[in-house]
Amino acid sequence: MTNTWIVAVSPQISALIDTGRALGGTVTAVVAGTDPSRFLGVDRVIAIAAPEGVPAEALAPSVASAVAAQAGDVVLVANRPSERVLAGAVAAKLGAPILTGAKVIGKETAEISRYGGVTQQTISLAQPVVLVVDGGTAPSGNAAASETVQAEPYAATVTSTDASSVAQVNLSAAKRIVAVGRGFKSEADLQLAKDLAAAIGADLACSRPIAEGSGWLARDRYIGVSGQHVAPDVYIALGISGQLQHTVGMTDSRVVVAVNSDEHAPIFAGSDYGIVGDIYTVVPAITAAVK
Amino acid sequence: MTIVVAYKYAANPQDASVGSDGRIDWSRAKETVSEYDPVAIQVGRQLADAAGSELVGITVGTTAANSSLARKGALSRGLDRAVIVADDAVRDWAPTRVGSVLAALVERIGDAAIVLTGDASVDEGAQVMPTVIAGYLGWPCFLEVISVAQTADGWELVQAHEGGTRTIALAGAAVVSVTTDATEARTPGMKDILAAGKKPAEEVALADLDAAEVDLTVTAHSRPATKAREHQVFSGDDAPAQLVAALRSVGVL
Ligand SMILES: Cc1cc2nc3c(=O)[nH]c(=O)nc-3n(C[C@H](O)[C@H](O)[C@H](O)COP(=O)(O)OP(=O)(O)OC[C@H]3O[C@@H](n4cnc5c(N)ncnc54)[C@H](O)[C@@H]3O)c2cc1C
């Protein structure tokens with residue numbers, strides 16, 4: 001019987017619970033530093049309690065001690081920064097592999113996409129394995145029996161928080177996406193893409209350098225191996241070269257469109273429709289054609 | 001006190017070829033100091049200069065990681081010295097096992113106050129190595145850190161967090177992964193490369209370190225099916241109109 005251990009800070013773990021249910025064994029959530037009552041739909045909750053102001057990362061040793069995974073069990077962790085820290089502590093404690101990119105998780109084996117998705121490996125789950133995967137949404141179901149363990153945290157405190165002024169976006173459900181890359185020369189020029197997005201009712205996304213480095217869009221809008229994974233009906237890539245670290249995040253899109261001045265840009269190899277040209281003239285023309 | 005940066009000598013899978021059996025041929029992909037690691041080295045340089053301490057790079061890789069080119073590549077970025085494990089045996093190791101060896105190198109250095117890493121390696125891109133190193137060291141770990149400053153008893157970190165930021169004060173040593181834009185990585189000049197040739201790089205044998213036993217059994221490889229695409233390129237003045245018509249005809253607009 002494959003039992004599932006879920007390590008979580010945020011209750012956005014519905015996908016992990018679904019996997020655990022499909023595997024059939026007991027599903028235990030080890031919850032670090034947050035209210036355990038929101039972790040519905042699992043069989044058992046182990047709450048690692050910590051004083052106010054202690055970041056979840058500081059609870060790593062207590063979390064690792066609570067995960068008593070046996071041979072054949074899997075440990076599932078949502079791919080979010082605080083939770084990855086806990087996953088690493090669990091992997092070190094168990095001497096277990098820690099892998100991202102699991103596509104299929106079965107009772108005996110898992111299929112893992114590796115190296116930016118260029119290859120897939122089937123790995124044995126005979127030994128405990130820590131799998132870092134998309135967490136999903138808030139779960140539903142019954143509240144589980146919960147036990148509380150007082151943490152012995154590392155000496156770390158959150159001294160201040162500067163909340164974002166922009167609301168977090170979840171692009172995974174978007175039907176249409178207009179994505180911008182370094183082909184745009186200035187932040188103001190993004191208006192061309194925003195106009196197209198508005199005309200077709202699309203969400204705006206980007207390649208990583210536009211969010212990190214340029215800082216023109218929020219970090220939760222970049223697509224790729226380290227960013228969002230999306231599968232819209234249509235993905236329109238404007239001035240994006242199509243490095244695999246980007247395309248791995250959008251390769252499941254139904255229809256892909258690319259506009260790029262370089263006819264050899266790798267993005268065209270994964271596109272249904274393309275225009276080789278300058279985004280500064282082509283994008284406004286597409287917007288006009290839509291209208 | 002020593003500031004340590006863990007870096008990886010790795011190739012971009014974009015440049016590798018994959019056989020129909022799913023096995024990767026890396027021979028045409030050129031290894032370099034992984035794209036984001038120079039940012040961590042530069043953050044480390046600033047901290048080391050501020051504290052008047054030494055900046056030591058550590059890496060665990062195949063024999064290529066200890067080539068003259070690899071050593072210069074890392075040392076020219078601003079390290080004072082490097083401690084290198086270079087053994088082809090690690091090629092197929094589980095990341096957890098590699099992390100245990102990196103942790104063993106940190107312990108060997110002895111007085112490390114912080115271990116910095118880049119955001120992710122160009123080949124795996126998994127963003128987990130710092131967390132494993134921290135697990136083995138028994139140190140706290142923080143990812144997506146925008147800035148690092150030393151305090152009387154430890155470190156103050158500003159971390160990207162849920163769209164905003166938060167500041168964390170911690171006592172003692174830590175493993176910290178910095179964001180890709182935490183600082184601007186310096187491009188080494190000729191002088192840096194020449195100086196790098198004179199900096200010490202020590203190779204440590206795997207056998208002299210305590211690597212964790214981690215069982216990762218790969219039972220099959222396969223090449224993922226890629227979605228068939230239309231590959232239709234529109235040209236001419238009415239290309240935008242043709243594109244819109246095509247998108248309407250397939251029902252996505
Ligand atoms: C570990 C790691 C993780 C990464 N993770 C991600 C990730 O999650 N997401 C991500 O996106 N990237 C990621 N990257 C970065 C990635 O490798 C690429 O560097 C990045 O995606 C490139 O962004 P870009 O296409 O916008 O820019 P570029 O590669 O610079 O491409 C710009 C494109 O714009 C075109 N162009 C320029 N001017 C015009 C014009 N006027 N009209 C039309 N076209 C024009 C150019 O021909 C070019 O193709 C990662 C890298 C590493 C090492």
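1. Start with strand E14 of chain A, residues 234-238. This strand is mostly covered: 5 of its 5 residues are buried. Bear in mind that the model is a predicted one.

2. Which residues of E14(A) point one way, and which the other? Val234(A), Ile236(A) and Leu238(A) point one way. Tyr235(A) and Ala237(A) point the other way. All of these residues are buried.

3. Now look at the neighbours of E14(A). Strand E12 of chain A covers residues 176-180. E12(A) and E14(A) run parallel, and 5 bridges join them. To find the pairing in the model, go to Val234(A): Arg176(A) stands opposite this residue.

4. E14(A) also pairs with strand E15 of chain A, residues 255-260. The sense is again parallel, over 5 bridges. In E15(A), Val255(A) stands opposite Val234(A).

5. Next, move to the contacts between chains. Helix H7 of chain A (residues 279-290) packs with helix H6 of chain B (residues 239-249). Their axes lie 8 Å apart, at an angle of about 50°. The crossing is right-handed.

6. Which residues meet where H7(A) packs with H6(B)? H7(A) brings Val282(A), Ala285(A), Ile286(A), Ala289(A) and Val290(A). H6(B) brings Pro240(B), Ala241(B), Leu243(B), Val244(B) and Arg248(B). By class, this contact has 9 nonpolar residues, no polar ones and 1 charged one.

7. On the H3(A) side, the contact is made by Arg84(A), Val85(A), Gly88(A), Ala89(A), Ala91(A) and Ala92(A). On the H4(B) side, Thr131(B), Val132(B), Gly135(B) and Tyr136(B) take part. How many residues of this contact are nonpolar, polar and charged? The contact of H3(A) with H4(B) divides into 6 nonpolar, 3 polar and 1 charged.

Terms used:
Residues numbered from 1 in each chain as written. Chains lettered and ligands numbered in written order. Predicted model: local features only at pLDDT ≥ 70, side-chain atom pairs only at ≥ 80, totals over all residues. Heavy atoms only, no water. Buried < 20%, exposed > 50% of the residue type's maximum accessible area, 1.4 Å probe, protein only. Helix = DSSP H or I, 4+ residues; strand = E, 2+ residues; numbered from the N terminus. Pairing = 2+ DSSP bridges. Axes fitted to C-alpha atoms, helices over the stretch in contact; angles between N-to-C directions. Left-handed = near helix turned anticlockwise from the far one by under 90°. Contact = heavy atoms within 4.5 Å. Nonpolar A, V, L, I, M, F, W, Y, C, P; charged D, E, K, R; others polar.
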